[in-house]
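Here is a quick walk through a two-chain model.

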Amino acid sequence: MEERPCAVLLKFPGTNCDAETAHALETVGFVTETVPISALKPETLVGVSLVVLSGGFSYGDYVMAGKLAKLVTEQRIGDTLKEFRDNGGYLLGICNGFQILTQLDLLPEGSLVENSSGRFQCQWVTLENKAPDSPFLSQLPETFEFPIAHAEGRLVTAEPGEAAGYLESGAAALTYTEDVNGSFEQIAGLQDETGRVFGLMPHPERFLRRGDHYDPDWGGDETWGSGYYLFRSLYESVTSSDENE
Amino acid sequence: MSEPTTVLDEIAEAPADHYRVLKISDLDGDKLLELSQFMKLSLSKEDMLAVQEIYKEWDREPTDVELEVIAQTWSEHCKHRIFGATIEHELEGEKETVTSLFKTYIYDVSKRIFDTKPGFVLSAFHDNAGFIKLDDELAVCLKAETHNHPSAIEPYAGANTGLGGVIRDILGAGKGAKPIGSLDVFCFGAPDTSMDNIKADDVIHPLGVMRGVVRGVRDYGNRMGIPTVSGAIQFDDSYIYNPLVYCGTAGVIPIKDIDKKVGPGMRVIAVGGRTGRDGLHGATFSSAALDTESHEEDQQAVQIGNPIEEKKAADFVLAARDKGLIEFITDCGAGGFSSACGEMLEECGGTINLDNAPLKEPGLVSWEIFISESQERMVLAVKDDSILELQKLADLYETEMTDLGSADGTGILKVTHHGETVCKLDCSKLHDAPIRQMKSKWELRTEPVEAPILESPGETLKEILSDFAIVSREPIIREYDHEVQGNTVLKPLAGATGDAPQDGAVLRISGSEHLMSMSLSLLPEWGKTDPYAMGAACVDECVRQLVACGSDPDKLAILDNFCMGNPDDERELGALVETVKAIAAGAEAYGAPFVSGKDSFYNYFETDEGPVSIPVTILISGMGIVEKPEHVTGSSLRKDDSVLCVIGSTKSELGGSVFARRKGLTNATVPETEFEGAMATYRKYYEAVKEGLILSAHDVSEGGLAVTLAEAAFSGKAGLDIDLCSLPMDHDASKAAILFGESPSRLVIEVAPENLEKVADLFEGLPFACIGAATPDHGNLRVEWGKETLIDEPIDELKSLWKNGLAQYY
């Protein structure tokens, strides 16, 4: 019998995109378990292929977004997430989850700070797939749309040159096709060196189906939205690396 | 010892640390009123005399806790005493007696509709929100509230806790419904109001109110992860002193979890935030008028919300409900524990021990703990043997859970503190608040008004598209996460460019084939001249928008949320009575029952130049069932070769319109709504939707037909060639009325050319006409009258005016 890969979604107080993200993962074939942070133990990740940090406002994000979530995660499970990655595990951070992965040093150095508009921005954006080999993006075309909804999505690096370096190295897996929030090099998503850790500000889980698009005459797929293909790429990467083990 | 200085000190028996017995039996009416005012009870002299009478019967004196509980129970906010009053009403000299507006026009009307649609409305009026059936397993609900007074004094916090409060209503509806979408409706002074026009100290400028309110809604809704999908703003000078902030939330629940009951032996537990001195007297404060002193004195009635506290409580409640651990639940809203426990133990009775309540700070006296409206608290009744499992869930979601007491079957609400009984009330005796006797009067002051000659309809259209009543709310909508939960199918901004306005919002419901629609309407400008016409048109517009976006016209439910100024003013109350009659007639004709409602009075302000009241303002919001995803219909033009048709008649009525206001036509006749004809067209429209014949549909409302056409074209798909010669209309309708009049019950629909004949056949015998076509040949809105060109303007330019109207102020 085919065994479906297991994804764990970590839920902090204030995480609020876990249900729809779990739904998206299940739609493409994952089994999911949502684990409130108070119940997280190192053993939770045994037998798990993917850890997802979904969107929301962990602890309200009243101090820097993702900061408290990082501290609590480290307090509860120390370096387990890094070990999980080193052992071949996949990590996905969406929106607040991206902010938390960045805080946890699981992604190339950078900070997600207040949008240059000074506002929360809920809108659809066009993205450029800069890493077609990424396990998260392999089934997505060169450009596609996702919605964003964030106040702190502007990726900045200590030295502006670093961000340009991310474009060259391929760490900047996803970019906006125009300046949306002031991100250096218009970076929308980052991957680590292994390719198995990926964080992005846009919300793929909100564009799972065709009908999620704002335009009823959207020219894409008959059934699925672009977000489906991100999760589907991930599913296939996870299942093929499970087979190789 | 110092001499007694206040009425309270005079009558208090031997002072206890945490509560006092007050000797009221010998006080006369004036002294009783003084006591009410001193304690901020907001009870009238008649009310206080009635209280005195009750205690004479019981042969004892009340405690301060009991007086506070009675004040909460009898407050306008909780008891809706004006909607229950006996009103001597006079219309154009004809007199009648209305015994209870609520019973006559809301409850009885809805009850009749329930009977014609068995099984559709599953709960109404008695719970925190009314439920309608979505499918065999699930039900949906909607609730709207106002938070006007707090938002006037502290816009950010007022709106923040306004939304937080209505979300808790949903969490406390049935055994806990899941909040799935919110709406927000604001009435403000114009953003460009001059400071010289603000005639009182300490009043916050409308721009400050708007920014604070929007951010307050944003920070609560976004953090809770509930999409804010629907809304409206009205700007008018009459709202400078009394801004209105309506917040609404929709929810979904398994049908089996709607009914709830408290039984003897159950534990009463509190979950969520702690109790503090913040939010004292919110319920009674909101039942009184504002003045400059309010801005200084009533700060403690307004609080700062903590959405994460509420999010944790919400996660706990929904998990506990799914495990079957909740027997009864309600939220702590106005009146705090006293209202929540009072409601819960109303029939069963029980004991609440205030020593158990977790406090934010030490030293609170009994009444403060019992009536504090500290945010983010829910009260549950649960079985004794569920406590352990509930505690585990509370730990898991990191929310505080406390055992407050128990239900006991005595019918008596007993409250203990420091080992003493501080309150012992038979709640069944408290529901007979004195019925108010009121007077109201209304007469129309319309006069025949000559429609002005339209010099340049194109320029007038530009002027109207730039009016605050019409401009895009985009800068505000984008600050709200309207797509969290991933179910917002019809978004507030959509169309090919993702920024064109829509008539309503449609949400997919996880676990169901059906979808839920939401929409709303308010037309305060109409009500200034003709409140009856306003009420009728609001029901019509809300129903029409729900139908336009694909809802089944026979599966709609609506909510009435009233705001008005001074109910003791006969003409103001007269306007209210007329509005209520109209919405009742509309609801009955459309078979769209009321399932919930709320009212807010005393929205007037004592300025340096006398009192300023808001106009009677009714918000009709509604929900509907969309049977299939394919039925969801947006308001934006989709093709460049389609034809456009109008359903409904255009009358020569300009009153209440944006055009009339801009041209200074104050007393022009406001349009009447003919419900029966309208419902026939809506049913036909729905048939066309089901047959897949409708590409898009946009309702004709504020701004009139010209604005509707422009808005439909804002998707940027095509230019429009329109000829209005064949429009169904009054023979004497002026060009102004045709282009900018706001006759209700009209829709502009977009149809593929090959389907035109089918659609025309469907509307046979009803007001219907094909008025033009979309074209790829140019990008203009071209409106002709036979050979005469009325409007020929580039859609891009029109859109930029519309899109930037508010952006420059926000």
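B:S42 is buried: 22 other C-beta atoms sit within 10 Å, and 20 or more is enough to count. Keep in mind that this is a predicted model. You'll find B:S42 in the loop between α2 (29-38) and α3 (45-58) of chain B. For context, most residues other than glycine have a negative phi.

Chain A has a case of its own. A:E185, again not a glycine, has a positive phi near 55 degrees. This residue belongs to the loop that runs between β9 (174-176) and β10 (187-191) of chain A. Is A:E185 buried or partly exposed? A:E185 counts as partly exposed, because it has 17 C-beta neighbours inside 10 Å.

## The sheet in chain A

Chain A holds an open sheet of nine strands, and if you step across it you pass β2-β1-β3-β4-β11-β10-β9-β6-β7 in that order, with mixed pairing. From one strand to the next, the twist averages 25 degrees.

To zoom in on one pair, take β1 (residues 6-11) and β3 (residues 50-53) of chain A, which run parallel and are joined over four bridges. Here A:A7 stands opposite A:L50 of β3(A). In general, strands of a sheet pair through backbone hydrogen bonds.

## Where the chains meet

The contact draws 28 residues from chain A and 30 residues from chain B. On the chain A side, β6 (121-129) and β7 each put in at least two residues. The largest share of that side is four residues, and it comes from β6(A). By type, the chain A residues touching chain B split into 14 nonpolar, eight polar and six charged.

## The largest nonpolar core

In soluble globular proteins, nonpolar side chains tend to be buried together. The largest nonpolar core here has 334 residues, and B:V140 and B:A710 are the ones that touch the most other members. Helix α19 (residues 531-548) of chain B is the top contributor to this core, giving twelve residues.

So what does B:V140 touch, leaving out residues up to four places away in sequence? Its contacts include B:F131, B:I132 and B:L134, along with B:A250, B:G251 and B:V252. B:I509, B:M516 and B:M623 are also among them.

How values were computed. Residues numbered from 1 in each chain as written. Chains lettered and ligands numbered in written order. Predicted model: local features only at pLDDT ≥ 70, side-chain atom pairs only at ≥ 80, totals over all residues. Pairing = 2+ DSSP bridges. Axes fitted to C-alpha atoms, helices over the stretch in contact; angles between N-to-C directions. Buried ≥ 20, exposed ≤ 12 C-beta atoms within 10 Å, placed from the backbone. Contact = placed C-beta atoms within 7 Å. Nonpolar A, V, L, I, M, F, W, Y, C, P; charged D, E, K, R; others polar. Core = buried A, V, L, I, M, F, W, Y, C linked by C-beta atoms within 7 Å.
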